[in-house]
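Visitor: I am new to this one. Please show it to me, and then I will ask.

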Amino acid sequence: MHLLRGAVRTYAWGSRTDIAEFTGKPSPTAHPEAELWFGAHPGDPAMLETEAGELSLLDALRDDPEGQLGAAVCARFGEALPFLVKVLAADEPLSLQAHPSAEQAVEGYERENRLGIPVSAPNRNYRDPSHKPELIVAVRPFEALAGFRPVPRTIELMRALEVSDLDPFVNLLSGQPDGDGLRALFTTWITAPQPDLDVLVPAVIDGAIHYVCSGRDEFAAEAKTVLELGERYPGDAGVLASLLLNRITLSPGEGIYLPAGNLHTYLSGVGVEVMANSDNVLRGGLTPKHVDVPELLRVLDFTPAEDVVVRPENVEDGIEWVYRTPAQEFSLSVLDIDAERLGYEIDAPTRHDGPQLLLCAEGSTVVHAKGGTVTLTRGSAAWVPADEGPIRLAATEPTKLFRATVGI
């Protein structure tokens, strides 16, 4: 078991303060820090802090895959860690995007290989042959758009904006209030000629301004999101697409699970994200990066989703809170040590015999494993190989640890 130093990723939408403050580093930083990666992704592996110096987690897995991952995990996923953990800090909206299914990822990866598109090329959609289900859990209040809203509610929103240019699209949805109607409308907007967008998007923005100024509350968050996106991306079809998606505010501890085909964008906030170890993203707008609308339309799931917020469930011992998802590559939970348990050594529940990645979100605790002990404080992480579990915890103050493991 060793402390794990994450890899910082700098993107324009990141924060100059949030990740630095979370990890106890000086802020503001010179560049926006968007993500802190804890994992063994070849693009940016985390580093184990060993007695002999830093060692890439990727190299540690290559040197001893069965000891690090366990025989059962190797049998299921090969000699690679199947999940990636990130701390994500968004000061600005991310691109409008979705991720492929397992079958779509394999087909797309092989297709782009045959076309001779380099894996590092900016116009590459599929950088690996894996799908990318993901779960984001808010550390601070977190704003997002995720999944298509039920059609009747979307019709109410569009009518509330009182934009006559939206009337044909309201009629389209009213005549086909299901996923097929959403597909038809989204396809119309995302493929519209720019001159048409240059008329419709400003009209919708004007409608949102009037709605906000009216003082009405029912769709205030949706209208303000239109204004924010319209200011950053004038004339972008993604501004219109925001009208079709669930507008979500997560309180700390709440999450969103994003399966294949779920159209989404994160708007602002700080969260812990766990996902299958993939970098496949299909973008549809709200970004200067590569956008491939036909490929996005091929993978999108237009089934409306009403309740997309995931809340943790307490297991029998009362210490662990688990976020239930169907993902096989990962499972995420929070080990919550309250004031009544301070000063005692506590056995963490044994999920299975695979590896564990621990990330401290609050407090301080000593972690005991077969291979020694480490002390975790807010923003620090530890890697517990399969052959060094299970673990015991001795907290000196109320503590919350995110724990990522392979899915059960």
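**A guided look**

Visitor: Where is the place of glutamate 134?

Guide: Glutamate 134 sits in a strand that covers residues 134–138. Strands are DSSP runs of E with at least two residues, helices are runs of H or I with at least four, and both are numbered from the N terminus. On that numbering, glutamate 134 belongs to strand 8.

Visitor: What kind of model is this?

Guide: Residues are numbered from 1 along each chain as its sequence is written, and side-chain values use heavy atoms, with hydrogens and water left out. Local features need pLDDT of at least 70, side-chain atom pairs count only at pLDDT 80 or more, and totals for chains, interfaces and linings use all residues: this is a predicted model.

Visitor: Glutamate 134: buried or exposed?

Guide: Relative accessible area decides: under 20% is buried, over 50% is exposed, and in between is partly exposed (1.4 Å probe, protein chains only). Glutamate 134 is at 3%, so it counts as buried.

Visitor: With which histidines is glutamate 134 in contact?

Guide: Contact means heavy atoms within 4.5 Å. Neighbours within four places in sequence are left aside. The partners of glutamate 134 include Tyr257, Tyr266, Glu273 and Phe330, and also His99 and His264.

Visitor: Which residues does the "binding site" annotation cover?

Guide: The annotation comes from an unreviewed UniProt entry. UniProt positions follow the numbering used here, feature names are shortened, and annotations may be inferred rather than shown by experiment. The "binding site" residues in that record are Gln97, His99, Glu134 and His264.

Visitor: What is the largest C-alpha distance in that set?

Guide: The set is spread over 168 residues of sequence. Yet its residues cluster in space, with a largest C-alpha distance of 12.7 Å.

Visitor: Where does histidine 99 lie, and is it buried or exposed?

Guide: Histidine 99 is in the loop between strand 7 and helix 5 (102–114). Beyond its sequence neighbours within four places, it touches Lys132, Glu134 and His264, among others. Its relative accessibility is 1%, so histidine 99 is buried.

Visitor: Which residues lie nearest the centre of the largest pocket?

Guide: A pocket is an open set of points on a 1 Å grid over the protein atoms alone, where a 1.4 Å probe fits, with protein on both sides within 12 Å along at least five of seven lines; lining residues have an atom within 4 Å of a point. The largest pocket is lined by 34 residues. Gln97, His99, Glu134 and His264 are part of that lining. Nearest the centre are Tyr11, Trp13, Ser95, Arg283 and Lys289.

Visitor: Which strand gives the most to the lining of the largest pocket?

Guide: Strand 3 (35–38), strand 6 and strand 12 (264–276) each supply at least two residues. With four residues, the one that gives the most is strand 12.

Visitor: Where does serine 95 lie, and with which residues is it in contact?

Guide: Serine 95 is in the loop between strand 6 (83–90) and strand 7 (96–98). It is buried, because its relative accessibility is 9%. Its contacts beyond four places in sequence are His264, Thr265, Arg283, Gly285, Leu286 and Thr287.

Visitor: What is the phi of leucine 286?

Guide: Most residues other than glycine have a negative phi, and most peptide bonds are trans. Leucine 286 is in the loop between strand 13 (282–285) and helix 12 (293–299). At 1% relative accessibility, it is buried. Leucine 286 is not a glycine, yet its phi is positive, about 60°.

Visitor: What is the phi of glutamate 162?

Guide: Glutamate 162 is in the loop between helix 6 (151–160) and helix 7 (167–175). Its relative accessible area is 65%, so it is exposed. Its phi is positive too, near 55°.

Visitor: Which peptide bonds are cis?

Guide: Proline 28 is in the loop between helix 1 (18–22) and strand 3. Proline 390 is in the loop between strand 21 (381–384) and strand 22 (392–405). With omega near 0°, the cis bonds include serine 27 to proline 28 and glycine 389 to proline 390.

Visitor: How many Å apart are glutamate 362 and glutamine 104?

Guide: Glutamate 362 lies in strand 19 (residues 356–369). Its relative accessibility is 40%, so it counts as partly exposed. Glutamine 104 is 258 residues away in sequence, and the C-alpha to C-alpha distance is 39 Å.
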